[in-house]
Amino acid sequence: MNSPPSPLQRYHSIIEDVPAFEEAIRRPLARFIWAHKQRIDPAKLTALLTADGYRLVSLDWHPGAFRVVFEPSPLGGHWTFQAGFFHIQEAASMVPVLLLSPRPGMRIMDLCAAPGNKTVQAASAMENSGTVMANDLRHQRMASIRMHVDRLGLINVSTTCRDGGSYPRKAGLFDAVLVDAPCSCEGTSRKNTDILQRPVPGRGRLLMRQKRLLERAVRLCRPGGRIVYSTCTYDPEENEAVVDAVLRDMPDKVEMLPSSLPGLRAAAGVTSWHQERYHPDLRHALRIWPHLNDTGGFFAAVLQRTGGLFLPPEPSPALSDPGYEDENRKGYRLFPEPEQITSLLSNRFGIARSALDNLCLLTRNRRQVFVAASDHRPTVEPPPATGLPLLDLSMKTPKLTTAGAAFLGRFARCNVIDVDTNQLGRYLTRRSFSLHRSQLAETNEDGHVLIRYDGAVLGVGRLFKSQMKVDSFYPKRFAALVTDG
Ligand SMILES: C[S@@+](CC[C@H](N)C(=O)[O-])C[C@H]1O[C@@H](n2cnc3c(N)ncnc32)[C@H](O)[C@@H]1O
């Protein structure tokens with residue numbers, strides 16, 4: 001009996017080993033993770049997960065990233081995930097950010113950012129310094145970016161919600177711009193089996209949108225800076241054709257760069273498709289077919305901004321610059337009395353002032369305090385949402401947020417409770433738990449306490465000392481990920 005025709009048969013002419021490709025796309029895809037090095041050393045993460053029965057294999061081409069070959073229970077429910085020790089991201093989807101080469105202190109624009117995987121990958125690689133502007137058109141998709149940023153404790157990310165194709169140039173210039181464009185998503189079919197059955201609505205509009213996004217990325221990038229255009233689809237019309245059109249329309253502004261990642265197998269971009277001929281430099285693009293590295297499918301092209309500016313560059317003040325305040329009236333402002341915050345943290349948790357060195361405290365309404373890197377340079381126009389939520393001042397007793405507790409927890413000297421595995425399970429599923437006498441230090445007082453497990457602070461609870469009980473303040477949105485043990 002003949003097997004049904006492959007839904008991806010139309011690409012067979014540009015694939016080198018068709019049987020291997022067809023076999024690979026029928027196999028389910030493994031899960032992949034990368035270690036968040038500001039929170040944990042990758043070897044320690046592997047040891048923690050291996051002790052709980054997980055089996056991880058390192059990716060040759062991405063130090064600190066792993067293929068999960070055995071998962072006794074979903075990784076998203078493991079406490080190390082809640083502690084922000086790692087992020088779950090498809091391996092091929094990690095490639096565009098590696099090609100962008102984010103480094104500490106850079107100013108990067110992620111023009112199509114939601115749900116935020118590449119945003120947090122870049123922000124982590126930049127060691128929590130500099131700026132990642134994460135933009136997406138769809139408001140309802142912004143929450144997932146914030147959730148990843150909060151869990152990983154990133155203080156170098158700001159978000160905006162705009163059409164990336166007309167992103168204001170007042171945002172200033174960026175050292176690197178990522179366009180991880182909306183696409184037909186064929187490369188995700190190993191995860192999402194019905195994707196190939198879905199019609200792509202408004203195909204002509206999609207192709208135009210992809211080109212507008214890449215053109216705007218070129219305009220937002222500083223001369224000498226890098227632009228990566230990527231999609232998770234195979235179709236040359238959404239890939240090489242889009243880059244070709246921009247190379248031809250802006251020949252004095254942008255050129256292709258050869259690209260590769262040592263250890264990653266990739267095929268060259270195509271220079272013709274059906275009747276079309278593309279710029280010969282498109283051979284420098286990378287096609288990651290699923291059978292090459294046993295991943296999903298991806299396309300990535302690296303471009304360099306050449307030539308002069310479209311407009312004189314608008315300065316983008318850093319949060320610590322004196323000019324920041326006046327410029328940014330519509331967005332977040334520096335918190336006017338930072339001493340109030342340092343005293344609060346010091347009085348309740350013994351956190352020294354120096355824990356906030358080189359950080360900026362921000363607010364919008366004086367009810368919430370956010371923390372951001374002092375060299376962070378978000379856009380002025382449009383006003384962004386900036387930094388990591390640190391403190392909620394709207395309650396009678398100001399409360400450290402879960403993200404704030406995890407971020408500053410290692411500096412705490414008092415009112416910290418070290419919990420055991422059972423107590424941790426109850427805490428992460430928002431249930432109260434009882435304490436053993438040995439867990440109560442003399443110095444512990446009724447009120448907010450930090451919850452620590454195996455050296456990592458995971459959040460905040462409320463201690464009732466006489467009842468030897470702690471109420472969990474773990475947020476619902478994080479608790480939903482935890483498997484109840
Ligand atoms: C492939 S997804 C991005 C995935 C993301 N980079 C990640 O790694 O998590 C494409 C995103 O582009 C957004 N998008 C579509 N049109 C856009 C536009 N004109 N401007 C900005 N974002 C747009 C979609 O809402 C979608 O979230």
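## A helix pair

Helix α5 (residues 117-125) and helix α6 (residues 142-152) have axes that come within 9 Å and cross at roughly 30°. Axes here are lines fitted to C-alpha atoms, for helices over the stretch in contact, with angles running from 0 to 180 degrees between N-to-C directions. Helices are DSSP runs (H or I, at least four residues) and strands likewise (E, at least two), numbered from the N terminus. α5 and α6 are therefore roughly parallel to each other, the term for angles under 35 degrees.

From α5, the contact uses T119, V120 and S124, and from α6 it uses I145, H148, V149 and L152; residues are in contact if their C-beta atoms, placed from the backbone, lie within 7 Å.

## Basis of the model

This is a predicted model, in which local features need pLDDT of at least 70, side-chain atom pairs count only at pLDDT 80 or more, and totals for chains, interfaces and linings use all residues. Residues are numbered from 1 along each chain as its sequence is written.

## Domains

The chain is divided into domain 1 (91-305), domain 2 (324-407) and domain 3 (414-479), with bounds from an automatic or database domain assignment. The C-alpha centres of domain 2 and domain 3 lie 24 Å apart. Their contact takes nine residues from domain 2 and 12 residues from domain 3.

## Ligand surroundings

The ligand is surrounded by 20 residues, the closest being C112, N117, L137, G164 and D180; a residue is near if its C-beta atom, placed from the backbone, lies within 6 Å.

Technical notes: Angles under 35 degrees count as roughly parallel, over 145 as roughly antiparallel, 65 to 115 as roughly perpendicular and the rest as oblique. Two residues are in contact if their C-beta atoms, placed from the backbone, lie within 7 Å.
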